[in-house]
Amino acid sequence: MKASTLSDAALPIAIRDLTKRYGPVYALNAVDLDVHSGEFLTLLGPSGSGKTTLLMAIAGFNRPDSGSIKFGAEEVILKPPHKRDVGMVFQSYALFPQMSVADNIGFPLKLRGVGAPERAARVEEALETVQLGGFGARGIDQLSGGQRQRVALARAFVFGPRILLMDEPLSALDKKLRERMQIELKHLHRKLGVTTVYVTHDQREALTMSDRIAVINDGQLVQLDAPEVIYNAPANAFVADFIGESTMLPLTRGASGLMYRDQKIAETRDGESWSLVVRPERLFFAAQDAQSDDNTIVLRGTLRETVFQGESEMALVALDNGIELAFRFGTGATTNSTGGGLGEQVAVGLNRKDVIIIPGETT
Ligand code: ADP
Ligand code: MG
């Protein structure tokens, strides 16, 4: 690929105190967010949490009520979208149906006054980058959904923007294609090196693709961290619940530390209340007579259900306070050998190194 389509320099984005209201609804509520130069950052949150509003504010398609957005050192809040030099990919593709593939991709170059010969060369390069070499003459209606999204992607980066914004670009694709495109998009990002803000409500997609994830809820930034940190050290119950599977057990403050019933779970820490977050894949069946020790916490309950799910099996264990512990184990292993049958008492182990504690009561 020629340097002409590469971003000359990726730009960092600095967002400060950004607020956008629709009537009584705060779509964005005092958001502070720094996107590093060249990183792949994902805005992750449930439907209606404000992801699109934030992305459109960065692109310039909506005007926030207050706050600041800087690209590098430059304040852009008053700049119209076409002067912000960002590439944009929408869920709906937003291609021009009457234009050929090549004309769609060449459109932003034409707008920028790039002449026909250079345009053709850069369009062909971009097509190769998205693995559609030779597709230029086709009509949009001759393409599959995945191919259309590749065209939309090529159109977004062909002019070498220093920021690339994508709003749920894969959500219309089926699962297999979506997962392949996630990997392809990641490769493309590595190749282009462009600062990328990606929106999804799919936590797996966010964990797969991102350098960092910004978790959004109710127009507010809840946590901003690398995927591993988001998963292993969620900031609160919302993040723990939204990302990955979990069961939350309420803790109390005892004389020697934070307790789950009569068992010490961790040292005392600041705050009023705490919960233990248990990830299903961190649990294991323990021997019936196993006891908690320095390395392991043992919980006892009744085996309520086991569900075969292909590569793994899910068990539900009802603790004697009624909380149901979700618990996942590989179907290839013999991990179930110490487990009893349905309705029987089982012992479930959790390594202390896998303990996750969040502030707040959750049950
Ligand atoms: P997400 O992309 O995370 O699903 P949005 O940014 O689209 O969320 O919406 C955030 C909130 O703002 C929602 O409550 C939504 O109903 C509201 N909202 C978004 N756009 C508009 C609009 N043009 N008019 C009124 N309310 C809007
Ligand atoms: Mg949206």
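**The shell around ligand 1 and the chain that forms it**

The shell around ligand 1 is made up of four nonpolar residues, six polar residues and one charged residue. In this classification Ala, Val, Leu, Ile, Met, Phe, Trp, Tyr, Cys and Pro are nonpolar, Asp, Glu, Lys and Arg are charged, and the others, Gly among them, are polar. The model is predicted, so local features require pLDDT of at least 70 and side-chain atom pairs pLDDT 80 or more, whereas totals for chains, interfaces and linings use all residues. Residues are numbered from 1 along each chain as its sequence is written, chains are lettered from A and ligands numbered from 1 in the order in which they are written, and side-chain values rest on heavy atoms, with hydrogens and water left out.

The residues around the ligand are Tyr22, Val25, Ala27, Pro46, Ser47, Gly48, Ser49, Gly50, Lys51, Thr52 and Thr53; a residue belongs here if one of its heavy atoms lies within 4 Å of the molecule. Oxygen atoms of ligand 1 lie 2.7 Å from a polar backbone atom of Gly48, 2.8 Å from a polar side-chain atom of Thr52 and 2.5 Å from a polar side-chain atom of Thr53. On its own, ligand 1 has 560 Å² of accessible area, of which the protein covers 58%. Accessible areas come from the Shrake-Rupley method with a 1.4 Å probe, and for residues only the protein chains shown count as cover.

Two elements, β2 (25–35) and α1 (51–59), each give two or more residues to this shell. Helices (H or I, at least four residues) and strands (E, at least two) are DSSP runs numbered from the N terminus. The most is given by α1, with three residues. That helix is mostly covered, with eight of its nine residues buried: Lys51, Thr53, Leu54, Leu55, Met56, Ala57, Ile58 and Ala59. Buried means under 20% relative accessible area, exposed means over 50%, and partly exposed lies in between (1.4 Å probe, protein chains only). After α1 comes Gly60, which has a positive phi near 100°.

Helix α2 (residues 101–111) has Val101, Asn104, Ile105, Gly106, Pro108 and Leu109 as its buried residues. An α-helix has 3.6 residues a turn, so residues three or four places apart point the same way. The buried residues of α2 pack against α3 (116–129) and α4 (145–157), where contact means heavy atoms within 4.5 Å. Just after α2, Gly113 has a positive phi of about 75°.

Attention now turns to a strand. Ser68 is found in β4 (residues 66–71) and is classed as buried because its relative accessible area is 17%. Leaving aside residues up to four places away in sequence, Ser68 touches Ala14, Ile15, Arg16, Leu18, Glu75 and Ile77. With Glu75, Ser68 makes a side-chain to side-chain polar contact of 2.7 Å. A polar contact is a pair of N or O atoms within 3.5 Å; within protein, one must be able to donate a hydrogen and the other to accept it, and residues adjacent in sequence count only if both atoms are side-chain atoms.

The chain as a whole has eight helices and 20 strands, and 50% of its 363 residues count as buried. Among contacts between residues at least 6 apart in sequence, 66% join residues at least 24 apart. An unreviewed UniProt entry lists residues 13–243 as "domain: ABC transporter".

Methods: UniProt positions renumbered as here; feature names shortened; annotations may be inferred.
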